[in-house]
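Here is a short report for a first look at this structure. Keep the sequence and the model side by side as you read.

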Amino acid sequence: MEPKTPSRLEKIMAAGQLGVTSEVGPPRGADGAEIEHKGHLIKDYVDAVNVTDNQTSVVRLCSLASCIRLKQMGIDPVLQMTTRDRNRIAMQSDILGAASFGIHNMLCLTGDHQTFGDHPMSANVFDLDSVQLIQTVKMMRDEGKLLSGFEMKVRPQIFIGAAENPFAGPNVELRALRLGKKIAAGAEFIQTQCIYNIPKFKEWMKIAVDKGYAEKAYIMAGITPFKSLGMARYMKTKVPGMDVPDNLIDRLKGVPKEKQADEGIKMAIEMMQELKEVPGVRGFHIMAIEWEEKVPELVKGAGLYPRPQV
Amino acid sequence: MIKATPKPLEEIINYVKDFNKILVAGCDGCVTVCEAGGMKEAKVLGSALRLYFTQAGKDHEVVETTVTRQCDKEYLAELKDMVENADAVVSIACGCGIQYLTEMYNDKIVFPGVDTHFMGINADRGIFEERCAGCGQCVLASTGGICPIARCSKRMLNGPCGGSEAGKCEISKDTPCGWHLIYERLEKLGQVDRFTQPVDPKNWRTSRDGGPRVIIREDLRKAEPQHGSAHS
């Protein structure tokens, strides 16, 4: 696939190399320096940095402003955008604003329901869903048009990303079909939900390869290391759409509490090593939640350092 | 039909405590079916108000009645004498009925006696479930007869989202995932291919987003009133 945008991430994966992304969660306050601090921790180990958009419906410093800060540090940001809080007017406006600062990657999401967050009484928007947001970005970039049909003089240049959760319901076949739907809508890279159940992921990936989806988009495997047994249990029981097999929980149980973080990193590296060999996997998206300092160790451990220069 | 539930008695007492002559006006339509605002509920509320006024040692006169539908002025007109005789009216019709009664009797204070919730079905005795969000542009033909607007918490047209698990919605284990239901139904019909094409953004103008809605049916306006129709 030929790169269509100036995105560094796109160029690296188009050149046949495994892409690596990670994410920064903005603070629940106006501390811009924290974003820069987190950016510094990972900048040399990844090709692009996602910035979450009020993740789990908790109010945080906005993704767009955080992306601009990262861009000004020389980092290629991935603007995450959910359709939960903004209608098509606000979203298209933010996309144009991002593009005006040279932000060339987006991850298009529907977003968690607001009942999970710190403002469960808020109204939601959901004017569009994730698939329709993908369509919108594609139309803006490739046709130079807004959803209204208005033709822009300057088009945004955005490498279009989407998420998919191979482990959610009803079954792996439908999750693969939905991946295909997102690709049909215009998604060019996919960052998956955190993978723990590798056999199930392989099953999903096989369908994606057989149906030709994996040739049409770069599928990046989602990795989240366990910090502790408690976190693994929380992910298993409390986070919607997460599939944590018991053998992983048992492995963490088998090590003393103070060694569990190290074991979690070791497990994540082993998973990345195994996933590298799965046909269709074109990169990794490392979501080290409030543990950004561990990203370098994971990238090195998986044999993905140094990052290619493009 | 429209589903409503009675407001807490304390709230209603708080509205009417400084009045003496109260009319409790029910409706024989939807709110009778969901047992929130029919004659039975009017009597229950009337008795409770009388008990309150008696115990508080206040003079009072509470009258209960219902009309066929509070959303039709012909029926509301039947209330004229009773409304005029009252200091305040508690309407236990749906929000439409309460407002239309207020519109008809503009110089009278009217309080709501129910909370109006949604359009739904009677799943079981005392269990009412939302099915239609009244978006004004029905998509059921392409979704296996299950509405994603009313039944998906995110009203997605391209679901299910990543939070769908074991047939349940991410917001609650008690909420079925609308898109899981759609998928099962399409599979049963052999129409899973319907799912593969991205559905374009929806025109929400026909929904509440376009402002208060009015339907003008010229064909009905021109037609002669039918014998045996609602207004006969």
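## A partly exposed residue

A:E270 counts as partly exposed because its relative accessibility is 38%. The class covers values between buried, under 20% relative accessible area, and exposed, over 50%, with a 1.4 Å probe and protein chains only. The model is predicted: local features need pLDDT of at least 70, side-chain atom pairs count only at pLDDT 80 or more, and totals for chains, interfaces and linings use all residues. Side-chain values use heavy atoms, without hydrogens and water, residues are numbered from 1 along each chain as its sequence is written, and chains are lettered from A and ligands numbered from 1 in the order in which they are written.

The side chain of A:E270 makes a polar contact of 2.9 Å with that of A:R251. Such a contact is a pair of N or O atoms within 3.5 Å; within protein, one must be able to donate a hydrogen and the other to accept it, and residues adjacent in sequence count only if both atoms are side-chain atoms. A:P199 is 71 residues away from A:E270 along the chain, and their C-alpha atoms are separated by 14 Å.

## The helix around it

A:E270 belongs to helix α11 of chain A, residues 260-276. Helices (H or I, at least four residues) and strands (E, at least two) are DSSP runs, numbered from the N terminus. The end C-alpha atoms of α11(A) are 24 Å apart, which agrees with the 24 Å that its 17 residues should span at 1.5 Å a residue. The expected span is 1.5 Å times one less than the number of residues.

Buried residues of α11(A) include A:I265, A:M267, A:I269 and A:L275. The buried residues of this helix pack against several elements of chain A, among them α7 (198-210), β7 (218-223) and α12 (295-301).

## Chain A as a whole

Chain A has twelve helices and eight strands. Of its 310 residues, 60% count as buried. Its C-alpha trace spans about 60 × 45 × 40 Å along the principal axes.

Among contacts (heavy atoms within 4.5 Å), residues 24 or more positions apart account for 76% of those in chain A with a separation of 6 or more.

## A hairpin in chain B

In chain B, strands β6 (residues 114-124) and β7 (residues 127-132) pair in the antiparallel sense over five bridges. Pairing requires at least two bridges found by DSSP. B:D124 stands opposite B:I127 in β7(B). Two residues lie between the strands of this hairpin, and B:G126 takes a positive phi near 80°.
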